[in-house]
Amino acid sequence: MSNNIYLPHLVTIEDIYEEAPDVRSFRLVFKDKALRESFDFKTGQFGLYSAFGLGESTFCIASAPTRKGYIQCTFRRSGRVTGGLSELSIGDTMGFRGPYGNFFPVDEWKGKNLVFIAGGIGLPPVRSVIWNCLDRREEFGDITVVYGARTVADLVYKNELQHWEDRNDVRLIQAVDPGGQTEDWKGKVGFVPTVLEEAAPKAENTVAVTCGPPIMIKFVLKALEKLGFSDDNVYTTLENKMKCGVGKCGRCNVGDIYVCKEGPVYTAAEVKRMYNDF
Amino acid sequence: MADRILKKEDLGRLIASVNAKGGQFIAPALDARQVVFKPVTKAEEVVTDYIVARNSYKELVFPQTEVVADFTIGKHGVDLKGRDVAPQETIVFGARPCEAVSLSSLRAIFTWDYIDEFYTKREDALVVITVACTKADDVCFCTTVELSPETKTGSDIYLKETESGDYIVEAVTDKGRAFIEKHASAFSEGSAKAKALFIPEKIGTIDLKKISARLKDKSHYDDQVWGRLTRKCIGCGACTFVCPTCHCFDITDEGTAFAGERRKNWDACQFDTFTLHASGHNPRHYQYQRWRNRFMCKFNYYPEKFASKGCVGCGRCIRVCPVRLDITEVMEEFSK
């Protein structure tokens, strides 16, 4: 077939990182050398990852397009496919289709301050943007990251959080939900929207990017509004169940909006215009 | 000028000619005591007294299950091969004018930026021979969705029955003309009088423009009326499987631990797991939300987004529904 849109590329698992209980990241390289060189994507795009014999699941590309030669995905073991992926080891083969969907308009943000707000397993898509912007650090103003999880153990990318903490050109605020702290926890205790309000990043000339559980996003959007952010300067990425990723299988739509084709990245203004189909 | 005629006694010759040239001939025939589209090899198998076949012929272009790739998993990794589709020429005889319209709707989806060649190659190899309706049942509502037995969109060849059971042949597309040329021996010239077509009465209280306007107005999205009208739906999905425009599918792997196939399988937006997230969250948790999605798809997404018909008025979903949920009643409500 000249063009089989459902045929994945084969990728090798080059490295595995345990991020949190049941959450792990894979560093993936394309088996096809030419593709390894030519593969390109934009931050915010997603792919379909195959555990052969079990099926495909949709995750964002969690690495940044500024890091060439590999892609990274991060997932929580929760169903059949992610269960199968969790059984794979370094050197094993899996499948990847993509990149699909739209992306964060990072180039339009030059000269602006950036605030990233993520909760739990919502950090991976935001992490792609963060690294993209950190790799082009001089193009942006202040960078603030607000990240929270239910417990200290549930925070993902712990090494990178430490790295951001250590950098003096990033303001990192970490939080865990009340009850989720450990004795030596130095971060905040509280829910992400509240922590965000307390951190009170300036809205002027600032773009905010958020991803997390739907309930968190809902209250983060409210908090940002209170802080004076306009809906056009607030971005989020919608995660819906997908099977094809290319606008055919019919399940990722929020009302008339197909998340796979017309998303997954939207401004808060766009989200507010959608049918209540979340 | 003489008409081109397909005599009823030449139908067998046409079927034989198609089969002899490597094609398959699909026509309404009995299966499990019902009239369905299925392959036939003899004219005697073809049923001519029917309203619409129970199934839609979309399964010829969008099979219920289709292998898209094969894989084997061994010590040294995974071998993966994409399937190609090289469909044989397929003739569907006895399609009704309403359902012929649906192919352009399906094509709009399957070619939206990414071309699904499993669909397009099958459709390219399909010749649609429509037989215009000389009767209808109480469920037919093509005229209500602005179609009629006179609609020729989607038909390659359009047939009208004559009093004697022959057909007056009209080639609508180049594909249809080429088909007639290829199987010329089955056709003859003559002059005959067509039986009168039966045009079902339009359901006067339904207004597509009003439905469209009301669905576009997002303030109606959470109307209680959705729950009230569709509460009895049991989510069996039968309506979606017989519908000529429903296109939803799943992609699943089947096989053993060491070898298998990746398949595209029919799925339905009416199923509770259809949109269920891994987290347990389900954007369409309630059945009325799933029913609303199907109705929105038919009367908003298809027409607005893909400039095509989401509903052709064939009535299959009404005939097959185990709880007698009638889509036209919802259309009436939204025409108010």
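In helix H5 (residues 174-182) of chain B, the buried residues are Gly176(B), Phe179(B) and Ile180(B). Viewed down the axis of H5(B), these buried residues fall within an arc of 95°, so they line one face of the helix. The other side of H5(B) carries Asp174(B) and Glu181(B), which are exposed. The model is a predicted one.

The loop between H5 and strand S10 (188-190) of chain B holds His183(B). His183(B) has 22 other C-beta atoms within 10 Å and is therefore buried, the cut-off being 20 or more. Beyond its neighbours within four places in sequence, His183(B) is in contact with Leu14(B), Ser17(B) and Val18(B). Leu14(B) is 169 residues away from His183(B) along the chain, yet their C-alpha atoms are separated by 6.7 Å.

Chain B also touches chain A. The contact takes in 47 residues of chain B and 34 residues of chain A. On the side of chain B, two or more residues each come from strands S4 (65-74), S5 (77-82), S11 (249-255) and S12 (259-266), and from helices H3 (102-110) and H9 (287-306). S11(B) gives the most to this side, with six residues.

Key
Residues numbered from 1 in each chain as written. Chains lettered and ligands numbered in written order. Predicted model: local features only at pLDDT ≥ 70, side-chain atom pairs only at ≥ 80, totals over all residues. Contact = placed C-beta atoms within 7 Å. Helix = DSSP H or I, 4+ residues; strand = E, 2+ residues; numbered from the N terminus. Buried ≥ 20, exposed ≤ 12 C-beta atoms within 10 Å, placed from the backbone. Arc of directions from axis to C-beta.
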